[in-house]
Amino acid sequence: MRISVIGCGYLGAVHAASMAELGHEVVGIDVDEAKIAALQAAQAPFFEPGLPELLERSMASGRLQFTTDMSAAAEADVHFIAVGTPQKKGENAADLRYVNAAVDGLLPYLKEGSLVAGKSTVPVGTARALAEKVEASGAMLAWNPEFLREGFAIEDTLTPDRFVYGLSKDASGETARAMLDEIYGKALATGTPRITTDYETAELVKVAANAFLATKISFINAMAEVCEVTGADVTQLADAIGHDARIGRRFLNAGLGFGGGCLPKDIRAFMARAGELGADQALTFLREVDSINMRRRARAVDLAREVCGGSLLGKKIAVLGLAFKPDSDDVRDSPSLNVAAQLELQGASVLCTDPEAIPNARRRFPELTYVETVEEAVSGADAIMVLTEWKQYRQLDPSQLITKVGTPAVVDGRNCLDPIEWRAAGWRYRALGRP
Ligand SMILES: NC(=O)C1=CN([C@@H]2O[C@H](COP(=O)(O)OP(=O)(O)OC[C@H]3O[C@@H](n4cnc5c(N)ncnc54)[C@H](O)[C@@H]3O)[C@@H](O)[C@H]2O)C=CC1
Ligand SMILES: O=C(O)[C@H]1O[C@H](OP(=O)(O)OP(=O)(O)OC[C@H]2O[C@@H](n3ccc(=O)[nH]c3=O)[C@H](O)[C@@H]2O)[C@H](O)[C@@H](O)[C@@H]1O
């Protein structure tokens, strides 16, 4: 199949390269010239494990190209829309201007019988409105939401848990289904479930999945709050309830909570859209999910103050981890970066480090101080905080690290260190939700 992918960010660049890996002819199109220049040189414009190798391979095969020129989409049979849908400034709702611009930009190049397949996460009702425009150009529209996780993006794209196709109810829906089946044929042949449905259900599946994941995380973080006032241990609690197959242990890691370019903005946009549709009561619980999540950040700052003897003023704090999660350089709505900024605002002198996210963090918070290594960050520190559970931080040797710090106090923001080991090495250990 000849494919275009409009928007080459965390989702689109991986989708484009993965589609070429599946044997399709792909052009990735983006308005960001620097991003396209990097991709044209087979360089990943962000950190994603395996992406540099995949780009190298796909571009060498001649099946993958990148451009800023929308007319390059003219040859394609299927166009994936993968542009951003960020939160509107000062509002909860999603900003659809990039989706609308991408589709409007594509309209003059749509061939009769070609398919526009939306992958961006959008408020329910978006696809139906776009379908009118697309059909007026003789093309078809499908909504094919994406469920990949950053850090596992390639594996999730090539072998997802399921495919969801939101299709038009007329005959063109069947043609669109056949085109998507052809694209994803390899994964479908291995038995990956495929749900075909209407536009609205497909759009809702995506936001419902993210709302559920966010709720699961906030549930365990609410339990962490109760553990903190009772002396109980939320990690043992999670292990114990997680053995119940109906509950499951995944996404029950208590700590600093969820961030990133998706879960926070998606639950807010979902609430906003439900409000517009008169169903706001159905989702008021998501307000609480959001509040529990934000309270964890404040609690981490409180723990830092506590281990610093009651005041952060003039205290030297090492922040290890800035990305919203390990194996990513993404700092969008990053809980750790938010905590680092709050500590600095409250008078601490913060030295931040991260294996991959420093350039993005510096762009967002130029006022913070960044150092490349853990050794530099912790040197003479009054407290260290592990806020993103990168493998290299989980594997820190507390006996060795204690020789570098001023005061041996650690706040484990992700419940990723062994309290017994750290205390035995002489550290004062504090965590979110465990004694
Ligand atoms: N990042 C992720 O893990 C996932 C993201 N999503 C959804 O996918 C969408 C994209 O997310 P990300 O890739 O994270 O965002 P991103 O911000 O990394 O990438 C969006 C890209 O679209 C480009 N763009 C904007 N307007 C354009 C236009 N008119 N024409 C061509 N390119 C244009 C931007 O320059 C940017 O490179 C969002 O709706 C998000 O919710 C869904 C699943 C996973
Ligand atoms: O719509 C999206 O963009 C994507 O959002 C999430 O993927 P992602 O944001 O890459 O990261 P997750 O692994 O879901 O983690 C999100 C946040 O939750 C936090 N988290 C996760 C799991 C957990 O148990 N506890 C916890 O605090 C992570 O630290 C991170 O800050 C979903 O997992 C994907 O399925 C979805 O496609």
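The model is predicted. The chain holds 18 helices and 14 strands. Its domain assignment gives domain 1, residues 2-197, and domain 2, residues 202-435.

**Overall shape**

- The radius of gyration of the protein chain is 23 Å, which agrees with the value near 22 Å that a compact globule of 435 residues would have.
- Along the principal axes, the C-alpha atoms fill a box of roughly 70 × 50 × 40 Å.
- Of the 435 residues, 51% count as buried.
- Take the contacts in the chain with a separation of 6 or more: 71% of them join residues 24 or more positions apart.

**The eight-stranded sheet**

- Eight strands form an open sheet with mixed pairing. Their order is E3-E2-E1-E4-E5-E6-E7-E8.
- Strand E3 (64-67) and strand E8 (194-197) are the edge strands, and each pairs on one side only.
- On average, neighbouring strands of this sheet are turned by 20° against each other, with direction ignored.

**Strands E1 and E2**

- Strand E1 covers residues 2-6 and is mostly covered itself, as four of its five residues are buried.
- E1 pairs with strand E2 (residues 25-29) in the parallel sense, over five bridges.
- Within this pair, Arg 2 stands opposite Glu 25 in E2.

- Strand E7 spans residues 163-167 and pairs with E8. The sense is parallel, and the pairing has four bridges.
- Gly 166 stands opposite Thr 197 in E8.

**Where the two domains touch**

- The centres of domain 1 and domain 2, taken over C-alpha atoms, are 32 Å apart.
- Across the boundary, 25 residues of domain 1 are in contact with 23 residues of domain 2.
- On the domain 1 side, the elements that give two or more residues are helix H5 (126-136) and E7.
- E7 gives the most to that side, with three residues.
- By class, the side of domain 1 that touches domain 2 has 16 nonpolar, seven polar and two charged residues.

**A closer look at Ser 336**

- Ser 336 lies in helix H13, which covers residues 335-345.
- Is Ser 336 buried or exposed? Ser 336 is buried, because 30 other C-beta atoms lie within 10 Å, and 20 or more are enough to count as buried.
- Which residues is Ser 336 in contact with, leaving aside its neighbours within four places in sequence? They are Leu 256, Val 319, Gly 321, Leu 322, Leu 387, Thr 388 and Gly 413.
- Ser 336 and Pro 123 are 213 residues apart in sequence. In space, 28 Å separate the two, C-alpha to C-alpha.

Notes. Residues are numbered from 1 along each chain as its sequence is written. Chains are lettered from A and ligands numbered from 1 in the order in which they are written. This is a predicted model: local features need pLDDT of at least 70, side-chain atom pairs count only at pLDDT 80 or more; totals for chains, interfaces and linings use all residues. Two strands pair if DSSP finds at least two bridges between them. Axes are lines fitted to C-alpha atoms, for helices over the stretch in contact, and angles run from 0 to 180 degrees between N-to-C directions. Domain bounds come from an automatic or database domain assignment. Two residues are in contact if their C-beta atoms, placed from the backbone, lie within 7 Å. Ala, Val, Leu, Ile, Met, Phe, Trp, Tyr, Cys and Pro count as nonpolar, Asp, Glu, Lys and Arg as charged, and the others, Gly among them, as polar. The radius of gyration is taken over C-alpha atoms; the globule rule is 2.2 Å times the number of residues to the power 0.38. A residue is buried if 20 or more other C-beta atoms lie within 10 Å of its own, exposed if 12 or fewer, and partly exposed in between; C-beta atoms are placed from the backbone.
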